[in-house]
Amino acid sequence: MPFELDMSKLRYGTDLVKRGFAKMQQGGVVMDVTNAEQALIAEEAGAVAVMALERVPADIRAQGGVARMSDPAMIEKIIDSVTIPVMAKCRIGHFVEAQVLESLGVDMIDESEVLTPADPFYHVTKKNFTVPFVCGARDLGEALRRIDEGAAMIRTKGEAGTGNVIEAVRHQRVIMGKVRELKGKEEPELRTVAREIQAPFYLVEEVAKLQRLPVINFAAGGIATPADAALMMQLGSDGVFVGSGIFKSDDPARRAKAIVEAVTHFDDPAVIASVSKELGGAMKGVEISTIPEDQRLQERGW
Amino acid sequence: MKAGVVAVQGAFPEHVRSLERALANNGHKGSVITVRRLEELEQVCCLIIPGGESTAISKLLSRHGLHDQIVRRAVEGMPIMGTCAGCVLLAKEGDDEVHKTGTELLGLVDMAVDRNAFGRQRESFEAPIDVKGFDSPFPGVFIRAPVISRTWGRCKVMAAHSGKIVMVRQDNLIGLSFHPELSEDTRIHEMLLGLL
């Protein structure tokens, strides 16, 4: 601590502080980076945070094997190199990896299906941590189970490392569609929905009233172009994660900056057209149907 | 009349809601709009620059010419409030982090700021804050918050926490390092409307 604080009046790690962190990321782009040099490119482009990881999802997919939390030394180097928040991933259910990331000073932990799950039964009890968590979801029930465990932010799972936006669109449409279905329902009907989607009633009731998730909801998994990012924003995302899409493209610095502008001006086609010009090649990408079902990352977690 | 919230990045929806409630409480007739384009800035009679990432917000303000026009309106006397990252941007002097990232400050308030002064996200906190002129403490939410390390000239201190300045006012400009838009208390938003 740089100076004396009156500890008796301070409250750390409250829901307001954790969800508040996610709110500060709204309208922004979080970029996957694998070293300090990439982190600086992301910061310069206007990223709101970087996700520090050893291999981007496209490489994890290509190389196979067990994907784990990144080397703490590599995460520390990235923390020291930028002034924006640094996020990092732990395996689903691996609460010790989460403890390690918290002790390193990571600003948000992504309990991510991109890494190999560590617990066959449970996700991390995220309420126990001071640092906020973001978790992936494919539908409303999954999102609300994660929020009940303490997630301060949700992102669509999409299909990471494919450069193919269709799964992110699917998950966003499924979540938003279900949210809209809840409108005007009475309490007994909401209780039935809660049972059907295996989510706590208090959260279903809150979503019905707010007509949105009670936490910030970003898009992730397959976003590769400024138009992809703007598409997700027009579908109601609060911001986007771009994983392999930036540093697997021909000109990462330009593409990063273009995606940042497309997220801010997501409803202005002229701006999206202008930033999309001569960006060089996007990442090659993968057609989802060519990935065997048991190798789809979105199937991890429940 | 229209009140504006800069919406290039950050917690702008929360500020829109707080301002709408403050307008209703003050009995003002008017609406709140988000500001991303020069045409939108021209319509508003007061402005909030929200929290978010100051590096991202400053780059997005510069790319589309909003930066210079906000400075012009401020000098003409439009009330502007900056919270957290927005407070950093109002300052005349930044810290090493501001210089290192090439963040272009608006340079309006006679103060120097220190980014992330309390630490990283795990050091973010809630604490009651005594604000000059308020008869009860304000619920302060500090998220990777800056502090105001020095003031001079016309800048007046409005609140401090553990000996550090966390809120200032200079004529038509208000800067604070915490997030009134995350609490239910609208007194600080009403203070901005009171400058109209």
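Reader: How many helices and strands are there in chain A?

Author: A word on the model first: it is predicted, so local features need pLDDT of at least 70 and side-chain atom pairs count only at pLDDT 80 or more, while totals for chains, interfaces and linings use all residues. Residues are numbered from 1 along each chain as its sequence is written, chains are lettered from A and ligands numbered from 1 in the order in which they are written, and side-chain values use heavy atoms, with hydrogens and water left out. Helices and strands are DSSP runs numbered from the N terminus (H or I, at least four residues, for a helix; E, at least two, for a strand). Counted this way, chain A has 13 helices and nine strands.

Reader: What makes chain A as compact as a globular protein of that length?

Author: Compare two values. The radius of gyration is taken over C-alpha atoms, and the globule rule is 2.2 Å times the number of residues to the power 0.38. For 302 residues the rule gives 19 Å, and chain A has a radius of gyration of 19 Å, close to that value, so chain A is as compact as a globular protein of that length. Along the principal axes, its C-alpha atoms fill a box of roughly 55 × 50 × 40 Å.

Reader: How do you know that S7(B) and S8(B) pair?

Author: Two strands pair if DSSP finds at least two bridges between them. Strand S7 (residues 125–129) of chain B and S8(B) have five bridges, in the antiparallel sense, so they meet that rule. One bridge joins Phe125(B) to Phe142(B) in S8(B).

Reader: Which strands are the edge strands of the open sheet, and what makes them so?

Author: The sheet has three strands in the order S1(A)-S7(B)-S8(B), with antiparallel pairing. Strand S1 (11–12) of chain A and strand S8 (138–142) of chain B are the edges, as each pairs on one side only. Helix H1 (residues 15–24) of chain A lies across S1 of chain A and S7 and S8 of chain B, at about 110° to S7(B). Contact here means heavy atoms within 4.5 Å. Axes are lines fitted to C-alpha atoms, for helices over the stretch in contact, and angles run from 0 to 180 degrees between N-to-C directions.

Reader: Why is one space called a cavity and another a pocket?

Author: On a 1 Å grid over the protein atoms alone, a cavity is a set of points where a 1.4 Å probe fits but cannot get out; a pocket is an open set with protein on both sides within 12 Å along at least five of seven lines. Lining residues have an atom within 4 Å of a point. Points are joined across faces, edges and corners, and a volume is the space filled by probe spheres set on them.

Reader: How many cavities of 30 Å³ or more are there by this rule?

Author: The count is two.

Reader: What lies in the lining of the largest pocket?

Author: Its lining has 15 nonpolar, 11 polar and 12 charged residues. Here Ala, Val, Leu, Ile, Met, Phe, Trp, Tyr, Cys and Pro count as nonpolar, Asp, Glu, Lys and Arg as charged, and the others, Gly among them, as polar. The pocket holds about 980 Å³ of space, and H1(B) gives the most to the lining, with six residues.
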